[in-house]
Amino acid sequence: MLRTFLTHKIRKQTELSGRLWDFSPREGDRAGQVIKVAVPSCWETYPGFENYRAEAEYTTEFEAEGNVRLEFKGVSHMAWVYVDGKEVAKHYNAYTPFDAVVKDLEPGIHTMKVVVDNSFKEDYALNRPNDYMSYGGISRGVAFEEIGDIYLEGIHVTPIEAKDNGWLAKVEIFVNNITDEVQVTDLEVVLHNTGFVKNGLSVAPGKSVLFSDEVFFEGVKTWSMEGPNLYEISARLIKNGEATDDLIDRTGFRKVEVTKDRILINGRAIRIKGFCRHEDHPQYGCALPLEAMAYDLNLIKDMGGNSVRTSHYPNDERFLDLCDELGILVWEEHHLRAGDDDLCDNPNFERQCEQVIEEMITYHYNHPSIYIWGIMNEFASDSPKARPCYEAQYALIRKLDSTRPCSSASCKFKKDICMDLPDVVSWNIYPYWYEDITAAEKIDELYTWTRDEGNGGDKPFLITEIGAGAIYGFRSHDHDKWTEEYQAETLEKQLTEVMAYTQCMGLYIWQFCDIRVNREWFMNRPRIRNNKGIVDEFRRRKLSYDVVRRLFSVCPNYWE
Ligand code: ADA
């Protein structure tokens with residue numbers, strides 16, 4: 001399953017992932033050889049391809065006829081899709097879904113080939129050697145769907161207000177008419193106890209909005225961390241009394257607001273006890289199966305965590321589904337980790353950042369767990385050249401979603417010139433690790449500067465990274481850096497000091513688990529890993545696990 005729930009009961013969807021495909025590298029000693037591999041997967045997990053960075057081909061067959069919609073949840077990093085030898089889609093960026101419609105297929109067996117490239121080049125401005133591993137492969141689910149002349153493309157539900165016995169929400173239904181003529185259809189929508197029908201809607205050729213209105217949903221309960229109530233919304237197209245297509249999505253009703261210095265969910269000021277997490281696992285690369293994702297979230301919950309930051313890219317939708325179900329808040333961010341302002345000279349840079357933002361918000365809009373959108377982690381927020389990128393990207397987010405705040409995790413400290421732009425001020429700090437300073441001093445210095453000189457006003461103030469490294473199993477009485485003892489003691493000090501600073505609305509630990517990094521990052525990265533995980537890459541608990549658990553567990557989810 002591509003999600004944790006069924007998205008169609010009428011439209012026939014067939015999953016192409018969850019089976020073996022043919023894989024063939026295009027370069028190196030093995031160029032042209034074919035091996036059978038499971039999809040989804042990363043090729044770095046196939047023997048002999050641990051460091052393969054080039055193009056490769058994945059091929060499979062499927063039986064269909066008529067109009068077919070292909071859906072890819074994520075191909076890392078660039079994808080070209082061919083059906084029966086003809087290019088039908090081309091997509092940049094590993095971490096967002098994309099689709100393609102192929103019309104009028106003859107009945108029978110068809111071939112699908114996906115050419116995948118994870119190389120580093122100027123064309124892929126956001127895919128660079130980095131402090132995490134950028135894997136290659138069809139790393140998330142794939143399906144094909146049989147569709148008619150018009151099909152439901154998306155549903156957005158925007159909760160507006162809780163009423164006595166339910167919620168008022170805006171509902172938007174998006175439809176795609178793949179013919180050259182106007183089509184007429186009836187629409188039926190159901191959520192919980194509320195259903196409505198619109199007859200005789202006319203749909204112009206191309207993509208359009210079929211319905212947009214405010215609807216009162218009677219009897220629905222509010223979504224919260226403690227009560228993650230979720231509801232399926234089902235839309236159906238009806239012609240001559242028969243359902244021709246359907247789409248089911250899931251949402252939760254809750255309100256996110258930013259007050260002077262806090263973020264409120266349903267009117268209560270949230271206190272973030274979070275973890276930054278990369279999609280990374282020694283056995284699966286970034287293509288974690290559902291059970292491995294659920295295991296990570298169980299560990300996070302066990303430690304008393306209430307939030308995940310999807311550093312540094314949009315995550316698999318099934319992970320977001322699980323967060324919705326478990327009441328875990330999500331900071332989701334587009335794909336970028338650090339870089340100098342000369343990246344702005346790359347003509348692809350801004351366009352690709354905006355493309356990821358657009359796809360992330362369009363596809364992930366209904367997840368109640370996402371409470372904030374992030375952009376450009378540790379980019380050049382100290383540079384006048386980069387400032388227009390921040391302005392443009394915040395403007396785009398606000399245009400696409402006016403209900404959630406936005407922010408950017410900065411490490412530029414007193415040189416930052418973009419603090420006036422976000423809704424929330426966010427800092428990545430490493431006291432006792434990269435900097436010989438206490439966490440209390442560092443946070444106070446930043447808080448005072450943000451308000452007095454940094455133009456940050458009195459917005460909510462958040463620590464988006466704090467942590468220290470430790471090699472699993474490296475114990476020593478000298479308590480030096482890289483020992484589990486040093487990490488545990490450092491986390492104890494960092495968390496205690498930051499959590500005592502009540503002006504700060506919370507923190508994200510860097511990071512949940514140890515991760516593989518690109519081999520170019522070997523310096524300061526023993527084992528070619530970023531070792532700041534509270535658990536190691538196999539999810540074995542370091543000494544700091546119990547420290548975090550002790551401190552997070554007694555800290556409430558809200559400021560009150
Ligand atoms: C930064 C960055 C992370 C990671 C971290 C570290 O804050 O955002 O991706 O590289 O530093 O471990 O140094």
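1. Two strands count as paired if DSSP finds at least two bridges between them. The model discussed here is a predicted one.

2. By that criterion, strand β17, residues 263-265, pairs with β18 in the antiparallel sense, over two bridges. Across this pairing, isoleucine 265 stands opposite arginine 268 of β18.

3. The sheet to which these strands belong is open and made of three strands, ordered β16-β17-β18, with antiparallel pairing. The edge positions are taken by β16 (256-258) and β18 (268-269); each has a single partner strand, so one side of each is left without a neighbour in the sheet.

4. Turning to the ligand, 13 residues lie around it, and those that come nearest are Asp131, Glu378, Tyr434, Glu465 and Lys532. By residue class, the shell around the ligand divides into six charged, four polar and three nonpolar residues.

5. Several side chains place polar atoms by ligand oxygens. For lysine 532, a polar side-chain atom is 2.5 Å from an oxygen atom of the ligand. For glutamate 378, the distance from a polar side-chain atom to a ligand oxygen is 2.6 Å. In histidine 312, an N or O atom of the side chain lies 2.7 Å from an oxygen atom of the ligand. The protein buries 96% of the 320 Å² that the ligand exposes when taken alone.

6. Two of these residues, Glu378 and Lys532, are also among those listed as coming nearest to the ligand.

Conventions:
Residues are numbered from 1 along each chain as its sequence is written. This is a predicted model: local features need pLDDT of at least 70, side-chain atom pairs count only at pLDDT 80 or more; totals for chains, interfaces and linings use all residues. Side-chain values use heavy atoms; hydrogens and water are left out. A residue is near a molecule or strand if one of its heavy atoms lies within 4 Å of it. A polar contact is a pair of N or O atoms within 3.5 Å; within protein, one must be able to donate a hydrogen and the other to accept it, and residues adjacent in sequence count only if both atoms are side-chain atoms. Accessible areas come from the Shrake-Rupley method with a 1.4 Å probe; for residues, only the protein chains shown count as cover. Ala, Val, Leu, Ile, Met, Phe, Trp, Tyr, Cys and Pro count as nonpolar, Asp, Glu, Lys and Arg as charged, and the others, Gly among them, as polar. Helices (H or I, at least four residues) and strands (E, at least two) are DSSP runs, numbered from the N terminus.
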